[in-house]
Amino acid sequence: MKKTLAIVLALAMLLGSIGLAESTVEVYTQKLLDAVPTLEKSEALYFEDGLNITGMGVHFNSYPTEFDGCFYFPAIEKMTGAHIGIDWRVEDNYGTQVATTLASSNLPDIIQAGDYGISALVSEGAILPLDDYLDLMPNIVAAVGENRMADWREADGHIYTIPTIVNVPGSQTVQVRKDWLDALGLPLPQTWEDWMTVWRAIRDNDCNGNGDPTDEIPLALEQGSSGERSMASLLNAFGIKASSDCQFCVLDDGTYTMVYEHPRYREFLETVQAMYAEGLIDQQFATRTQSELFTIMDTNLCGTAMTWAERAKLSTYANIDAGDADALWESVAPITGPYGDQMTQERAAVTGLWSITVAAEDKIEEIIKVFDWCFSPEGINLYNYGIEGVSYDWVDGKAVMYPEVVANGFVDYRAMGMQYEPFGGAWQTEAFMQGLFAGVALEDLDPGAASFYNGLAVVNTGKFYAMPQTLETEEYTEYRAELITTGVCVLRDQCVAGQITVDEFFAKYEALKAQGLQEVIDAGTAAYAKLVGG
Amino acid sequence: MNAAAKNREPKQNIFNSKRVRARVLQNIWRNRYIYLMVIPVIIYFVLLKYMPMWFLRSAFYDYKLLKGFDSKFVGLKWFERLFTNPNLMTYIGNTLKLNFAALVLLFPAPLVFALALKELRSKRFMKTVQTISYLPHFVSTVVLVSMISTICSPDYGTLAKIAKMLGTKPISFMTIPEYFVPVSVVSGFWQSVGWESVIFYSTLMGIDQVLYEAAKIDGANRWQQILHVSLPGVANTFVLLLIMHVGQMLNVNFEKVYLMQNNLNLSASEMLPTFTYKTGMESHNYGYATAAGLFNSVVSVALVYIANAISRKVGETSLF
């Protein structure tokens, strides 16, 4: 009895000590925080009398906040004298939270529009145009680049935001269960016919080996935030260069319009409708949220999908952990369409993030200078690598992060506060790659991690198209909910599911145009022409 | 003084009498705690029900949150847009369809359940059933809808598994418009029948036992006691609740409907309250949303009047 008690106590103490041991993230978070007082004042910018900037923005769970001891904001304050205090909000219903803030008339100095929309903030008269201050932000202008200025501007031609810049074109990729294809004796698909063969084979066979040959989903489609994204991979296969929400595209003659105006759209719709009827497309495509997509990828229920490249690694690991040792989600090149089109959306490099509100009109120049400093070499290093001697060192003129910092890929790296995406900045591809490889050489990556890398940097190379942004014109803002998300998107999905015919779809689409959708199209076309024309 | 002259004499304001005033004040002081308890309710109604009515004016403005009523006045623009919206009748139709189904199938269910509970002989069993039936009421709408989605999922849902066991193809209940109302009503039945039976049960318990004794002496069996004592005893409560329910007919269980919506069932699930929400909170068109909400309220008031009038004529019981 005494022996058993002693063993139990010893085990409890051992487990307790393991629990109490500081994680790498905690150790480095503290190290970085401890190093903040040692930072030198920036020679490029320092506010001797201090500067206080208040803000409101969206926070993602994978990052710490300043309240959790994140080094990033104290470091900016130590180096520039500017205190940035952000009221971080959760992503859910962020638009409603912005509305509440507007209604209170108690605006912070800087604000993220989030799903409230920049054009809606402009329409409220809540934010200031920044066009007249470009000379105060040379680093930001240089980071955006001359050829991407149009991406920075809003539909009315003005600049209202401080951007975040990600110079990594890949993000999403088509993924296939390679082990299923091997078991079926099929090669990776190259042509449209190959893809159809693969999808039919997945539909007709018990690929997951659970004894039920009917539960495999050949092609799973993700719904997106409001149902707009689900068709991206197939639209691209039909040569339709759609915007991120799959509602707009640029035609070959350079006209910006809705995807439904594309000469191939009818054929696309007929094909997808037939695929749905044949059981090749996820029957739940209209309700399949991203987390549900991940669930079916992790649980042997689908054979092909298009989603974040990182999922190739995570879902492979999930299936292996569940006992399927051969599981592999292989990242492959975009689906080739019936006419040989093969393309995928390039991640938007320039994304507007922070707007300066009318409440900060008297200190707009100072705020812009702080943001511009974040895009300076000093700011970029702080954002991407942390603090020299603490999280990275210079080796042959290159910043190299310590192995412990990137040992767990992006997970720990971000949890320590680096590449602080909720605040934004200029992502450095080099830092991104160090996080991606987690200190392992390319040839040493396991198949899941290699698939992630391939999805980001290999299989889509040369197949990216510059994704047109969704131009938030006044007309778009006014009619979006009524005529787009609950209008034409609904008709499209009803048509795919066979609830209405393709002809009925187009008849109803024309009726929506008469209700105001034509105004949205015309305003978008005009705004795009103006933006591209400079 | 004759009676006619007495009637012509100006009525004396009873509050002029010091004695009466003192008695009223004394009464208030004696019941001060009850009056205190009423204050939060009054504050609630003033702040959240009456004061917002002042903002109904925004239906006539291109309302901007920062500008308030300095926003541009647009007159009846939003009402014109609402009434020329070709989908308006579909929204109203969907709303009424769901509520009518709920009225017919769900509204009498708590009464039947309460009657059944009352007839149970074992008090312990009755209390157990009562407690279990209350529990679903405390499940949040978000959890309820995710439970519905999981149960109805044709990939891994319980219903799909049963269908496969029976050798049939699973039905995608959440994406076929025809199933929207049945799924909503059945899940509503599970969630609300226990809780909503509380009012009927307490009314039934309040019926004088002497009436039952008298019925027994007259030879009434249990069924006849229900028919001739219990049901007349709850009739007034039933009618009052029915009128109030009719008044809420256009105010569907918004959260549940909104969460159950998807592009494939929207032809059956888009209703006036969800349309109003999307117009206001997703499109930030507050004026238009207020106009839609105001229209919703006006129709609701009309429905209350109609239900009240019918009830007064048919059942001789009414709310006002």
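B:His284 lies in the loop that joins H15 and helix H16 (286–315) of chain B; helices (H or I, at least four residues) and strands (E, at least two) are DSSP runs, numbered from the N terminus. B:His284 is not a glycine, yet has a positive phi of about 60 degrees. B:His284 counts as buried because 27 C-beta neighbours lie inside 10 Å. A residue is called buried if 20 or more other C-beta atoms lie within 10 Å of its own, exposed if 12 or fewer, and partly exposed in between, with C-beta atoms placed from the backbone.

The model is predicted: local features need pLDDT of at least 70, side-chain atom pairs count only at pLDDT 80 or more, and totals for chains, interfaces and linings use all residues. Residues are numbered from 1 along each chain as its sequence is written, while chains are lettered from A and ligands numbered from 1 in the order in which they are written.

A:Asn93 sits in the loop between strand E2 (82–89) and helix H4 (94–104) of chain A. A:Asn93 counts as partly exposed because it has 14 C-beta neighbours inside 10 Å. A:Arg200, in helix H9 (residues 192–204) of chain A, is likewise partly exposed, because 14 C-beta neighbours lie inside 10 Å.

**Domains**

Domain bounds come from an automatic or database domain assignment.

| Chain | Domain 1 | Domain 2 | Separation of centres |
|---|---|---|---|
| Chain A | 28–169 + 350–439 | 173–345 | 34 Å |
| Chain B | 1–44 | 77–315 | 42 Å |

**A four-stranded sheet in chain A**

Chain A has an open sheet of four strands in the order E6-E9-E5-E10, with mixed pairing. Two strands pair if DSSP finds at least two bridges between them. Strand E6 (217–220) and strand E10 (329–332) of chain A are the edges, each pairing on one side only. On average, neighbouring strands of this sheet are turned by 25 degrees against each other, direction ignored. Axes are lines fitted to C-alpha atoms, for helices over the stretch in contact, and angles run from 0 to 180 degrees between N-to-C directions.

Strand E5 (residues 172–177) and strand E9 (residues 302–308) of chain A pair in the antiparallel sense over five bridges. A:Gln175 has A:Ala305 as its bridge partner in E9(A), and A:Gln172 has A:Trp308. E6(A) pairs with E9(A) in the parallel sense over three bridges, and here A:Ala220 stands opposite A:Ala305. E9(A) is mostly covered, with six of its seven residues buried.

**Nonpolar cores**

A nonpolar core is a set of buried Ala, Val, Leu, Ile, Met, Phe, Trp, Tyr and Cys residues joined through C-beta atoms within 7 Å. The largest core has 82 residues, and those touching the most other members are A:Ala220, A:Leu234, A:Leu235, A:Ile240, A:Val259, A:Phe268 and A:Val488. H20(A) supplies the largest share of this core, ten residues. Not counting residues up to four places away in sequence, A:Val259 touches A:Leu235, A:Ile240, A:Ala242, A:Cys246, A:Gln247, A:Phe248, A:Cys249 and A:Tyr265. A second, separate core of 72 residues includes A:Leu32, A:Phe71, A:Leu130 and A:Trp354.

**Contact between the chains**

Two residues are in contact if their C-beta atoms, placed from the backbone, lie within 7 Å. By this criterion, 22 residues of chain B are in contact with 33 residues of chain A. On the side of chain B that touches chain A, the largest share, four residues, comes from H15(B). That side divides into seven nonpolar, eight polar and seven charged residues. Here Ala, Val, Leu, Ile, Met, Phe, Trp, Tyr, Cys and Pro count as nonpolar, Asp, Glu, Lys and Arg as charged, and the others, Gly among them, as polar.

The axes of helix H20 (residues 474–496) of chain A and helix H15 (residues 272–282) of chain B come within 10 Å and cross at roughly 115 degrees. A:Ala481, A:Glu482 and A:Thr486 of H20(A) make this contact with B:Lys278, B:Thr279 and B:Glu282 of H15(B). The residues of this helix contact comprise one nonpolar, two polar and three charged.
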